[in-house]
Amino acid sequence: MSSEQNTYTRLPRQPRCSGSMDFRELRFARAMEFTIHEINNRTDLLPDITLGYQIYDSCSAVPMAIKVAFQFANGLVPIFNYVNSCSKSVAAAVPALVGESASTPSISMARILGLFGIPQVSNYATCACLSDKRQFPAFFRTVPSDEHQAAALARMVKFFGWTWIGAVRSDSDYGNNGMAAFLKTAQEEGICVEYSEAYYRTQPRSKLERVANVIRKSTARVIVAFLASGDMKFLLEELARQPPPPLQWIGSETWIIETEFLRYNMCAGAIGFGIPRSVIPGLPEFLLDLSPEQALQSPLLMEFWERSFSCSLKGRTGSSEFLRECDGSEDIRALQNPYTDTSQLRVTNMVYKATYAIAHAIHGVICSGTQCDKTLKFAPWQILNRLKRVNFTTKNGYQVSFDSNGDPVAVYELINWQFKKDGALNFVPVGYYDSSKPRGQEFRMNSAISWVGGQTEVPVSVCSESCPPGTRKAVQKGRPVCCYDCIPCAEGEISNKTDSLDCLRCSAELWPNTKRDSCLPKSIEFLSWDDTLGIILTVFSVTGAFIAVCVTAVFYKHRASPIVRANNSELSFLLLFSLTLCFLCSLTFIGRPSEWSCMLRHTVFGITFVLCISCVLGKTIVVLMAFRATLPGSNVMKWFGLPQQRLSVLAFTLIQVIICVLWLTISPPFPFKNVKHYKDKIILECGLGSDVGFWAVLGYIGFLAVLCFILAFLARKLPDNFNEAKFITFSMLIFCAVWITFIPAYVSSPGKFTVAVEIFAILASSFGLIICIFAPKCFIIVFRPEQNTKKHLMGKVPSKAL
């Protein structure tokens with residue numbers, strides 16, 4: 001700097017690097033020169049102070065960058081001190097640097113400059129690693145860190161539903177760190193990477209061919225390319241030899257805004273985040289205001305001029321590689337190269353902002369308002385500390401500030417390569433990403449995207465198609481999680497959304513529909529009145545009761561006849577009454593189980609059957625006693641007369657009543673929903689409550705039936721006309737056979753058939769009793785009245801008792 005305004009000197013630079021000149025980097029350097037001119041012409045920023053500068057070319061090479069860093073740190077490069085005239089120079093450490101553009105050289109420089117506290121403000125070094133202030137305490141940048149770009153790219157890929165992608169990167173700090181950040185975020189977003197390949201332009205061609213072949217053979221239709229523009233150029237040239245299937249390219253900011261690549265139609269539809277386009281008033285005119293005389297004053301501009309027009313400038317010192325001499329007809333405005341292309345000033349604006357940031361930091365150190373202390377000496381670390389607090393708006397309207405990591409707020413444009421009407425590709429902004437927005441609102445779309453091949457539909461890139469509802473994803477062994485098979489949900493389970501990882505089991509009262517994507521209430525099963533089986537059993541039950549009533553009517557009408565009186569008419573009527581109840585009690589088993597019906601059906605059944613068997617047992621004992629009484633001197637009948645018969649029936653029945661009362665008191669039957677027997681049905685049943693109570697009731701009935709059978713069997717050979725024993729024997733044989741087969745059938749029958757089996761046992765045993773005991777008597781009364789006489793009956797009395 002100097003107190004003389006608008007005075008500067010461009011000092012000689014080191015010999016040119018090998019290889020061709022990067023015209024875009026020259027534009028960056030000239031943009032810094034333009035910015036310094038603009039600052040020096042301002043009266044509100046560093047008034048009466050003239051900034052000087054030195055342009056140095058690192059050739060994007062680490063050794064050269066390290067050499068430059070040491071020279072700057074040790075004052076070996078002539079610069080300008082603000083207390084001296086710009087025509088003089090002293091050896092001193094530079095207060096600040098603008099650059100480097102590439103990440104790898106910037107890392108090397110930042111490690112050295114950080115040791116001396118010399119601030120470095122990069123315009124294009126995006127590696128996230130440079131945000132580590134422990135390693136790079138003096139590094140700042142006006143371009144966002146790749147950490148933001150990687151996160152933005154991953155969220156964009158997720159936004160468009162791509163879960164199966166390929167990845168290729170530059171084998172450098174920029175590519176490796178950027179891709180690592182992208183893959184980390186992609187994994188969190190559930191995105192799988194089929195391949196991740198690295199390439200650097202200095203590596204053998206065989207490596208480039210291998211990467212290209214991997215891309216051609218891959219199944220992923222989306223490829224994320226975190227490549228420097230030089231590496232991307234080599235890759236596109238190799239792929240153009242044998243084009244792969246149409247790919248959706250996702251680009252990083254280095255090449256997605258590179259106009260040189262618009263000639264590759266295979267990249268049509270490419271999208272990626274780029275530095276926002278800007279306008280710098282006056283810069284285009286400054287860049288084009290270049291004459292051969294001005295070019296001769298700088299080795300950089302002289303090389304640019306000669307290479308652009310393929311001629312040697314007049315008056316140059318030293319030899320030139322071009323034999324033709326420039327004749328003065330060369331017009332820089334007619335050139336079309338990265339230097340003259342100012343249609344989309346993106347990275348150039350980062351240079352503009354970086355230069356202004358240093359100027360504001362210097363202003364903050366030596367100036368107070370519009371007054372500057374021209375005699376104040378300062379150290380680079382003072383500029384460094386001031387840079388951390390700068391916060392201003394540039395002349396072209398951009399906010400400049402740095403966070404604690406030396407990074408700016410990350411703002412990107414979403415760039416889409418779309419065909420123009422003339423068939424050429426062009427950059428079209430279709431959205432943006434702003435890290436200052438609340439989470440989830442950083443990414444916004446504001447225009448339609450043209451996809452690969454100019455299509456309007458979003459391309460699909462998945463390893464496996466989405467699993468529909470009713471299925472779950474099962475990862476294929478040895479492959480990424482995005483590669484899976486769709487397995488139907490197991491029985492009783494559903495999945496109600498696409499790509500379910502697990503199936504959900506329906507609750508006990510629900511069951512999946514046929515598609516297994518929702519749970520529906522299970523069908524309820526019980527023996528209902530309108531069920532066919534229920535109707536049939538009801539008809540048999542009512543029929544049996546009607547037959548019992550008819551028999552009772554026949555017996556009552558002929559109650560004075562010998563055959564009725566000879567067979568203990570009182571017990572016969574009581575037996576017919578109990579049989580009527582037995583037939584009717586089966587109706588309590590039909591219908592929806594309730595608390596009262598469950599208690600009623602088992603107790604009524606137990607008591608009525610005991611009453612029935614007690615009557616049969618009484619009739620059997622009467623037969624035995626009657627024929628025992630025919631023996632000389634026997635008076636056994638007085639011990640089993642009518643009072644004793646009534647008392648025995650009452651006693652036997654009372655025991656069952658006591659058992660039922662205890663059962664109902666301790667643990668009565670209850671209605672419950674059986675969801676275990678059938679998987680897709682609910683069976684409404686009556687729970688036994690106490691199993692002991694249930695089997696005690698059945699066991700007592702069985703005991704009386706067996707006892708009755710034994711006694712009847714013993715009396716089976718007594719005279720026919722007076723002897724009911726053989727009929728009772730048959731009836732008890734049927735009764736016992738029915739209930740013995742009932743037990744396994746009852747246990748094994750499913751659902752409503754359990755109740756049906758129980759009703760069948762009740763009806764079968766009841767019909768057995770009424771048919772075996774009363775059918776022969778009714779037949780004689782109705783169809784053989786001549787046999788229903790005392791004479792006939794007495795004629796059959798045996799001559800001697802058993």
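A residue is called buried here when its relative accessible area is under 20%, exposed when that area is over 50%, and partly exposed in between. All views below show a predicted model.

**View A. The buried side of helix H13.** In helix H13, which spans residues 380-387, the buried residues are Pro380, Ile383, Leu384 and Leu387. These residues lie on the same side of H13, because they cover an arc of only 105° around the axis. An α-helix has 3.6 residues a turn, so residues three or four places apart point the same way. Among the elements that cover the buried residues of H13 are strand S2 (120-122), strand S3 (139-141) and helix H12 (347-366).

**View B. The crossing of helices H4 and H5.** The axes of helix H4 (residues 146-159) and helix H5 (residues 173-188) come within 8 Å and cross at roughly 45°, and the two helices are therefore oblique to each other. The crossing of H4 past H5 is right-handed. On H4 the contact is made by Asp146, Ala150, Ala151, Leu153 and Ala154, while H5 contributes Tyr174, Gly178, Ala181, Phe182, Thr185 and Ala186. Sorted by class, this contact has 8 nonpolar, 2 polar and 1 charged residues.

View C. Gly99 and Glu100 are joined by a cis peptide bond, with omega at about -10°. Glu100 sits in the loop between strand S1 (97-98) and helix H3 (103-115).

**View D. Positive phi at Asp48 and Ser310.** Although Asp48 is not a glycine, its phi is positive, at about 60°; Asp48 lies in the loop between helix H1 (23-40) and helix H2 (62-74). Ser310, also not a glycine, has a positive phi of about 55° and is found in the loop between helix H11 (299-309) and H12. Asp48 counts as partly exposed because its relative accessibility is 38%, and Ser310 is partly exposed with a relative accessible area of 41%.

How values were computed
Residues are numbered from 1 along each chain as its sequence is written. This is a predicted model: local features need pLDDT of at least 70, side-chain atom pairs count only at pLDDT 80 or more; totals for chains, interfaces and linings use all residues. Side-chain values use heavy atoms; hydrogens and water are left out. Axes are lines fitted to C-alpha atoms, for helices over the stretch in contact, and angles run from 0 to 180 degrees between N-to-C directions. Helices (H or I, at least four residues) and strands (E, at least two) are DSSP runs, numbered from the N terminus. Angles under 35 degrees count as roughly parallel, over 145 as roughly antiparallel, 65 to 115 as roughly perpendicular and the rest as oblique. A crossing is left-handed if the near helix is turned anticlockwise from the far one by less than a right angle, and right-handed if clockwise. Contact means heavy atoms within 4.5 Å. Ala, Val, Leu, Ile, Met, Phe, Trp, Tyr, Cys and Pro count as nonpolar, Asp, Glu, Lys and Arg as charged, and the others, Gly among them, as polar. Buried means under 20% relative accessible area, exposed over 50%, partly exposed in between (1.4 Å probe, protein chains only). The arc is that of the directions from the helix axis to the C-beta atoms.
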